[in-house]
Amino acid sequence: MLIPTGRKYTVTVTATTYKTVHCQMCGCDFVYPMRRQAQGTGHSPLWLDNKGATGRAEQAAQENLAKKLATEINAVPCPDCGRYQADMVTKLKKSKWRWMVVVGWLAIIVSLIAGWIIWLDDHQFIAAFTNTFWGVVLLAGVAMIVAAKLRQRTFDPNAAARPPAAQNTNDPRFALRRRDFDRLVAAAKQSRGEAATTSG
Ligand SMILES: [Zn+2]
């Protein structure tokens, strides 16, 4: 039986923050923008507190977003030496050949379920995998995961790193050297001040 309990509110918030990085390789400071989205939910028991539920959803969403903005990173090459920091390298390695790990696990799960169904039928679990189609699927799944892990281990995102030939220092959507970023911020502040003076 379905008992009415109230209403669930979901709020989604998005924000961009500027992350400052001190390059571990060349020692320069740079800044890059990072955009994140987060959700929060609030429950209104018996529809009695709809307003409070929206507020709680909003607050939870803001807290989740703040946590993401503070702890997460993007893999962005250094504008001076072109290399990635250690935590960015880890992130890039994990995302590389991820589909092989996912497909590998799917193959293992599907073949084990097939083996289980065969076992229900004739109680020969091992025989379901020796010299059978499902045995091949199971082996292929394991092989894919092993291959992906080995390639992740040897993959080095910094192997072909080169300092960027040219940099667009006027576009804050890209990684910028700290001094260029500070200059942009100062310029933006100044133009805003001028606009305020002319309109007021
Ligand atoms: Zn660097």
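**Close-up views of a predicted model**

**View 1. The end of helix α3 and what follows.** Just after α3, His-123 takes a positive phi of about 60°; helices (H or I, at least four residues) and strands (E, at least two) are DSSP runs, numbered from the N terminus. The model is a predicted one, in which local features need pLDDT of at least 70 and side-chain atom pairs count only at pLDDT 80 or more, while totals for chains, interfaces and linings use all residues. Residue numbers start from 1 along each chain, as its sequence is written.

View 2. Helix α3 covers residues 98-122, and its 25 residues, at 1.5 Å a residue, should span 36 Å, which agrees with the 36 Å between its end C-alpha atoms; the expected span is 1.5 Å times one less than the number of residues. Within α3, Gly-104, Ala-107, Ser-111 and Gly-115 are buried, where buried stands for 20 or more other C-beta atoms within 10 Å of a residue's own, exposed for 12 or fewer, and partly exposed for values in between, with C-beta atoms placed from the backbone. An α-helix has 3.6 residues a turn, so residues three or four places apart point the same way. The buried residues of α3 pack against α4 (133-154), a contact being two C-beta atoms, placed from the backbone, within 7 Å.

View 3. The open sheet has three strands in the order β1-β2-β3, with antiparallel pairing, and two strands pair if DSSP finds at least two bridges between them. Because β1 (6-22) and β3 (176-177) stand at the edges with a single partner strand each, one side of each is left without a neighbour in the sheet. Between β1 and β2 (residues 29-45) the antiparallel pairing runs over 17 bridges, and Tyr-18 has Pro-33 in β2 as its bridge partner. Helix α1 (residues 50-71) packs on the sheet, touching both β1 and β2, and its direction makes about 155° with that of β2; axes are lines fitted to C-alpha atoms, for helices over the stretch in contact, and angles run from 0 to 180 degrees between N-to-C directions. β1 and β2 form a hairpin with six residues between them, and Gly-27 in the turn has a positive phi of about 85°.

**View 4. The largest nonpolar core.** Seven residues make up this core, namely Phe-30, Val-31, Tyr-32, Cys-78, Ala-175, Leu-176 and Phe-181; such a core is a set of buried Ala, Val, Leu, Ile, Met, Phe, Trp, Tyr and Cys residues joined through C-beta atoms within 7 Å. Strand β2 gives the most to this core, with three residues. Apart from this core lies another, of six residues, among them Val-11, Ala-57, Ala-61 and Leu-65.

**View 5. Arg-178 and the strands beside it.** Strands β2 and β3 pair in the antiparallel sense over two bridges, with Val-31 opposite Leu-176 in β3. Arg-178 belongs to helix α5 (residues 178-199) and is partly exposed, with 15 other C-beta atoms within 10 Å. Although 150 residues separate Arg-178 from Cys-28 in sequence, the two are 8.1 Å apart in space, C-alpha to C-alpha. Leaving aside neighbours within four places in sequence, Arg-178 is in contact with Thr-20, Asp-29, Phe-30 and Val-31.
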